[in-house]
Amino acid sequence: MIQHFAFQARFLVAGLLLCLPATSEAADSGKLATRGKVILQENCGRCHAIEAVGESPLKEAPPMRNIYARFAPRELQAELSEGMVSKHKEMPQIEFSDEDVNAILAYLYALAVGR
């Protein structure tokens, strides 16, 4: 009986150890997405909707979820890094850092998959 318990305990510990990296990655991904939302709110939210639903404050500004859907991930990554160019002269060209771009993309991806 004790040997059986020890055998099961080893498998339980091994299973938990295998799950820890996934749990840590999920937590890191959640923090990254949260940071991305904050960045979008601070830099884009006065014109663009940044949530999963809702209209943009500026009627002509597409929601960020629509912008995410229009671009291939690498293309959007480049646009955010280099400062998106718009037909609207009022839109500022913001060159986000690589870390900020990753956070923004993590948030927009989370919106797209419904997390």
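1. What share of the 115 residues in the protein chain is buried? The figure is 26%. Keep in mind that this is a predicted model.

2. Start with the fold. The protein chain has 4 helices and 0 strands. Along the sequence the pattern reads α-α-α-α. Of the contacts with a separation of 6 or more, 45% join residues 24 or more positions apart.

3. The largest nonpolar core holds 21 residues. Those touching the most other members are Leu40, Met64, Leu76, Leu80, Phe96, Ile104 and Leu108. Two or more core residues come from each of helix 1 (2-43), helix 2, helix 3 and helix 4 (98-113). Helix 4 contributes the most, with 9 residues. In soluble globular proteins, nonpolar side chains tend to be buried together.

4. Leu76 deserves a look in the viewer. Setting aside neighbours within four places in sequence, Leu76 contacts Ile67, Tyr68, Phe71, Met84, Leu105 and Leu108.

5. Now the largest pocket. Its volume is about 610 Å³. Helix 2 (64-70) and helix 3 (73-82) are the elements that each give two or more residues to its lining. Helix 2 gives the most, with 3 residues.

6. By class, 15 are nonpolar, 4 polar and 6 charged.

7. The accessible surface of the protein chain is about 8400 Å². Carbon and sulfur atoms account for 60% of that surface.

Methods:
Residues are numbered from 1 along each chain as its sequence is written. This is a predicted model: local features need pLDDT of at least 70, side-chain atom pairs count only at pLDDT 80 or more; totals for chains, interfaces and linings use all residues. Side-chain values use heavy atoms; hydrogens and water are left out. On a 1 Å grid over the protein atoms alone, a cavity is a set of points where a 1.4 Å probe fits but cannot get out, and a pocket is an open set with protein on both sides within 12 Å along at least five of seven lines; lining residues have an atom within 4 Å of a point. Grid points are joined across faces, edges and corners, and a volume is the space filled by probe spheres set on the points. Ala, Val, Leu, Ile, Met, Phe, Trp, Tyr, Cys and Pro count as nonpolar, Asp, Glu, Lys and Arg as charged, and the others, Gly among them, as polar. A nonpolar core is a set of buried Ala, Val, Leu, Ile, Met, Phe, Trp, Tyr and Cys residues joined through side-chain atoms within 4.5 Å. Buried means under 20% relative accessible area, exposed over 50%, partly exposed in between (1.4 Å probe, protein chains only). Contact means heavy atoms within 4.5 Å. Accessible areas come from the Shrake-Rupley method with a 1.4 Å probe; for residues, only the protein chains shown count as cover.
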